[in-house]
Amino acid sequence: MKIVIINYGAGNIQSIMFAIERLGFKAILSNDREEIKSADKVIFPGVGEASSAMTKLRESGLDNLIPNLKQPVLGICLGMQLMCNKTEEGNTKGLGIFDVDVLKFSNNVKVPQMGWNQIYDLKTDLFKDVSENEFMYLVHSFYAPNCEFAVAKTNYDVEYASALQKNNFYGTQFHPEKSGDVGEKILRNFLKLNSKI
(Lines give C-alpha, C1' and ligand atoms only; values in the text may rest on other atoms or scores of the structure.)
Protein backbone atom coordinates (compact mmCIF):
# COMPACT_ATOMS: atom_id res chain seq x y z
CA MET A 1 0.00 0.00 0.00
CA LYS A 2 1.35 3.40 -0.98
CA ILE A 3 0.83 5.98 1.78
CA VAL A 4 1.82 9.57 1.02
CA ILE A 5 2.06 12.31 3.65
CA ILE A 6 1.76 15.68 1.92
CA ASN A 7 4.92 17.64 2.68
CA TYR A 8 4.16 21.34 2.25
CA GLY A 9 6.18 22.78 5.11
CA ALA A 10 3.38 22.92 7.70
CA GLY A 11 3.30 19.52 9.27
CA ASN A 12 3.62 17.42 12.39
CA ILE A 13 5.21 15.00 9.98
CA GLN A 14 7.69 12.96 12.05
CA SER A 15 5.16 11.81 14.64
CA ILE A 16 2.78 10.69 11.86
CA MET A 17 5.61 8.81 10.11
CA PHE A 18 6.50 7.02 13.35
CA ALA A 19 2.86 6.13 14.09
CA ILE A 20 2.45 4.59 10.63
CA GLU A 21 5.71 2.64 11.07
CA ARG A 22 4.42 1.30 14.41
CA LEU A 23 1.43 -0.06 12.46
CA GLY A 24 3.81 -1.91 10.15
CA PHE A 25 3.66 0.41 7.13
CA LYS A 26 5.96 2.87 5.42
CA ALA A 27 4.90 6.36 4.35
CA ILE A 28 6.42 8.61 1.70
CA LEU A 29 6.83 12.33 2.32
CA SER A 30 6.11 14.23 -0.87
CA ASN A 31 4.75 17.39 -2.46
CA ASP A 32 4.98 15.86 -5.95
CA ARG A 33 1.57 15.98 -7.63
CA GLU A 34 1.95 12.67 -9.50
CA GLU A 35 3.22 10.87 -6.42
CA ILE A 36 0.28 12.15 -4.38
CA LYS A 37 -2.23 11.25 -7.10
CA SER A 38 -0.88 7.68 -7.34
CA ALA A 39 -1.10 7.03 -3.57
CA ASP A 40 -3.57 4.55 -2.08
CA LYS A 41 -3.94 6.77 1.00
CA VAL A 42 -3.07 10.44 1.48
CA ILE A 43 -2.47 12.14 4.84
CA PHE A 44 -2.70 15.93 4.94
CA PRO A 45 -1.07 17.11 8.19
CA GLY A 46 -0.89 20.59 9.59
CA VAL A 47 0.61 22.49 12.48
CA GLY A 48 0.98 26.22 12.58
CA GLU A 49 -0.92 29.16 11.15
CA ALA A 50 -3.63 28.88 8.49
CA SER A 51 -2.82 31.74 6.11
CA SER A 52 0.88 30.85 5.75
CA ALA A 53 -0.04 27.17 5.28
CA MET A 54 -2.54 28.07 2.52
CA THR A 55 0.10 30.27 0.85
CA LYS A 56 2.45 27.26 0.73
CA LEU A 57 -0.31 25.09 -0.75
CA ARG A 58 -1.08 27.69 -3.44
CA GLU A 59 2.59 28.15 -4.31
CA SER A 60 2.94 24.42 -4.99
CA GLY A 61 -0.44 24.06 -6.75
CA LEU A 62 -1.61 21.60 -4.11
CA ASP A 63 -4.64 23.80 -3.37
CA ASN A 64 -6.10 22.61 -6.70
CA LEU A 65 -4.90 19.02 -6.42
CA ILE A 66 -6.15 18.07 -2.93
CA PRO A 67 -9.90 18.72 -3.45
CA ASN A 68 -9.82 16.56 -6.60
CA LEU A 69 -8.17 13.49 -5.08
CA LYS A 70 -10.22 10.28 -5.38
CA GLN A 71 -8.53 8.03 -2.80
CA PRO A 72 -9.12 8.29 0.98
CA VAL A 73 -7.58 11.52 2.32
CA LEU A 74 -7.10 12.26 6.04
CA GLY A 75 -6.59 15.84 7.18
CA ILE A 76 -5.17 16.21 10.71
CA CYS A 77 -5.58 19.31 12.92
CA LEU A 78 -4.84 22.36 10.74
CA GLY A 79 -5.05 20.01 7.73
CA MET A 80 -8.71 19.37 8.58
CA GLN A 81 -9.40 23.08 9.11
CA LEU A 82 -7.87 23.95 5.72
CA MET A 83 -10.28 21.46 4.10
CA CYS A 84 -13.16 23.73 5.19
CA ASN A 85 -14.49 26.82 3.35
CA LYS A 86 -12.58 29.36 5.39
CA THR A 87 -11.16 29.97 8.83
CA GLU A 88 -11.23 33.00 11.11
CA GLU A 89 -7.49 32.45 11.60
CA GLY A 90 -6.04 35.17 9.39
CA ASN A 91 -9.44 35.34 7.61
CA THR A 92 -8.12 32.58 5.36
CA LYS A 93 -9.99 30.95 2.46
CA GLY A 94 -9.68 27.16 2.63
CA LEU A 95 -10.01 24.32 0.12
CA GLY A 96 -13.82 24.21 0.31
CA ILE A 97 -14.13 20.42 0.66
CA PHE A 98 -16.32 20.71 3.77
CA ASP A 99 -18.98 23.41 3.50
CA VAL A 100 -18.36 24.85 6.96
CA ASP A 101 -16.42 27.84 8.34
CA VAL A 102 -13.81 27.40 11.09
CA LEU A 103 -14.31 29.68 14.14
CA LYS A 104 -12.17 30.83 17.06
CA PHE A 105 -12.94 29.69 20.59
CA SER A 106 -14.38 32.44 22.77
CA ASN A 107 -12.51 34.08 25.64
CA ASN A 108 -14.65 32.08 28.08
CA VAL A 109 -12.13 29.23 27.93
CA LYS A 110 -8.35 28.84 27.94
CA VAL A 111 -7.07 29.07 24.37
CA PRO A 112 -5.58 27.03 22.87
CA GLN A 113 -7.35 23.92 24.08
CA MET A 114 -4.31 21.80 24.83
CA GLY A 115 -4.41 18.26 26.15
CA TRP A 116 -6.87 15.41 26.32
CA ASN A 117 -10.58 15.61 25.67
CA GLN A 118 -13.33 13.13 24.83
CA ILE A 119 -14.80 12.27 21.44
CA TYR A 120 -18.36 10.98 21.14
CA ASP A 121 -21.27 10.47 18.72
CA LEU A 122 -18.85 8.49 16.54
CA LYS A 123 -19.82 7.59 12.98
CA THR A 124 -18.20 5.92 9.92
CA ASP A 125 -15.60 3.16 9.67
CA LEU A 126 -12.90 5.60 10.81
CA PHE A 127 -14.14 4.83 14.36
CA LYS A 128 -14.72 1.09 13.93
CA ASP A 129 -14.20 -0.63 17.32
CA VAL A 130 -13.52 2.73 19.03
CA SER A 131 -15.61 3.29 22.16
CA GLU A 132 -17.66 6.41 22.80
CA ASN A 133 -16.01 9.01 25.07
CA GLU A 134 -12.41 7.93 24.46
CA PHE A 135 -9.84 10.63 25.20
CA MET A 136 -7.84 12.10 22.30
CA TYR A 137 -5.00 14.64 22.26
CA LEU A 138 -5.81 18.13 20.95
CA VAL A 139 -3.97 21.43 20.50
CA HIS A 140 -6.04 24.14 18.79
CA SER A 141 -7.52 27.62 19.10
CA PHE A 142 -10.03 27.28 16.23
CA TYR A 143 -12.75 24.70 15.61
CA ALA A 144 -15.22 23.46 13.02
CA PRO A 145 -18.75 23.90 14.38
CA ASN A 146 -21.15 21.01 14.55
CA CYS A 147 -22.43 20.39 11.02
CA GLU A 148 -23.79 17.73 8.66
CA PHE A 149 -20.25 16.40 8.04
CA ALA A 150 -19.48 15.78 11.75
CA VAL A 151 -18.56 12.14 12.45
CA ALA A 152 -17.23 12.81 15.97
CA LYS A 153 -17.94 15.58 18.47
CA THR A 154 -16.11 17.12 21.41
CA ASN A 155 -17.19 19.71 23.96
CA TYR A 156 -14.95 22.65 24.87
CA ASP A 157 -16.75 25.97 25.37
CA VAL A 158 -19.19 24.65 22.73
CA GLU A 159 -19.96 21.29 21.19
CA TYR A 160 -17.98 21.13 17.95
CA ALA A 161 -17.00 18.68 15.21
CA SER A 162 -13.78 16.91 16.20
CA ALA A 163 -13.93 14.79 13.03
CA LEU A 164 -15.46 15.41 9.61
CA GLN A 165 -16.20 13.20 6.63
CA LYS A 166 -17.50 13.78 3.11
CA ASN A 167 -17.11 11.09 0.43
CA ASN A 168 -13.39 10.09 0.40
CA PHE A 169 -12.31 13.02 2.61
CA TYR A 170 -11.83 12.62 6.37
CA GLY A 171 -10.56 15.08 8.94
CA THR A 172 -9.68 14.90 12.62
CA GLN A 173 -9.16 17.93 14.82
CA PHE A 174 -7.38 15.70 17.33
CA HIS A 175 -3.97 14.15 16.68
CA PRO A 176 -4.44 10.38 16.28
CA GLU A 177 -0.66 9.96 16.06
CA LYS A 178 -0.31 11.44 19.58
CA SER A 179 -3.36 9.75 21.11
CA GLY A 180 -1.94 6.40 22.19
CA ASP A 181 -3.48 3.04 21.31
CA VAL A 182 -6.90 4.48 20.41
CA GLY A 183 -5.35 7.01 18.05
CA GLU A 184 -3.36 4.25 16.38
CA LYS A 185 -6.56 2.24 15.98
CA ILE A 186 -8.15 5.22 14.18
CA LEU A 187 -5.08 5.52 11.91
CA ARG A 188 -5.28 1.78 11.18
CA ASN A 189 -9.00 2.14 10.38
CA PHE A 190 -8.12 4.90 7.92
CA LEU A 191 -5.50 2.70 6.26
CA LYS A 192 -8.06 -0.12 6.06
CA LEU A 193 -10.58 1.99 4.11
CA ASN A 194 -11.06 0.40 0.65
CA SER A 195 -8.17 -1.99 1.45
CA LYS A 196 -7.68 -5.65 2.22
CA ILE A 197 -5.35 -5.24 5.22
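Because the model is predicted, local features require pLDDT of at least 70 and side-chain atom pairs count only at pLDDT 80 or more, while totals for chains, interfaces and linings use all residues. Residues are numbered from 1 along each chain as its sequence is written, and side-chain values use heavy atoms, with hydrogens and water left out.

Helices (H or I, at least four residues) and strands (E, at least two) are DSSP runs, numbered from the N terminus. Accessibility is classed as buried (under 20% relative accessible area), exposed (over 50%) or partly exposed (in between), with a 1.4 Å probe and protein chains only. On this scale Glu35 is partly exposed at 27%, and Lys2 is partly exposed at 22%.

Helix 2 also holds the pair Glu34 and Lys37, whose side chains form a salt bridge at 3.4 Å, N to O. The two residues are three apart in the helix, and are therefore separated by about one helical turn. An α-helix has 3.6 residues a turn, so residues three or four places apart point the same way. Glu34 is exposed, with a relative accessible area of 52%, whereas Lys37 is partly exposed at 44%. A further salt bridge links the side chains of Lys26 and Glu21 at 3.9 Å, N to O. Here Lys26 is exposed at 63% and Glu21 is partly exposed at 36%.

Helix 6 comprises 13 residues and spans 18 Å from its first C-alpha to its last, close to the 18 Å expected at 1.5 Å a residue; the expected span is 1.5 Å times one less than the number of residues. Its buried residues include Val182, Gly183, Glu184, Ile186, Leu187, Phe190 and Leu191. Leaving aside residues up to four places away in sequence, Asn189 touches Asp125, Leu126, Phe127, Lys128 and Val130, where contact means heavy atoms within 4.5 Å. Asn194, which follows helix 6, has a positive phi near 60 degrees.

Methods
Salt bridge = Lys/Arg side-chain N within 4 Å of Asp/Glu carboxyl O.
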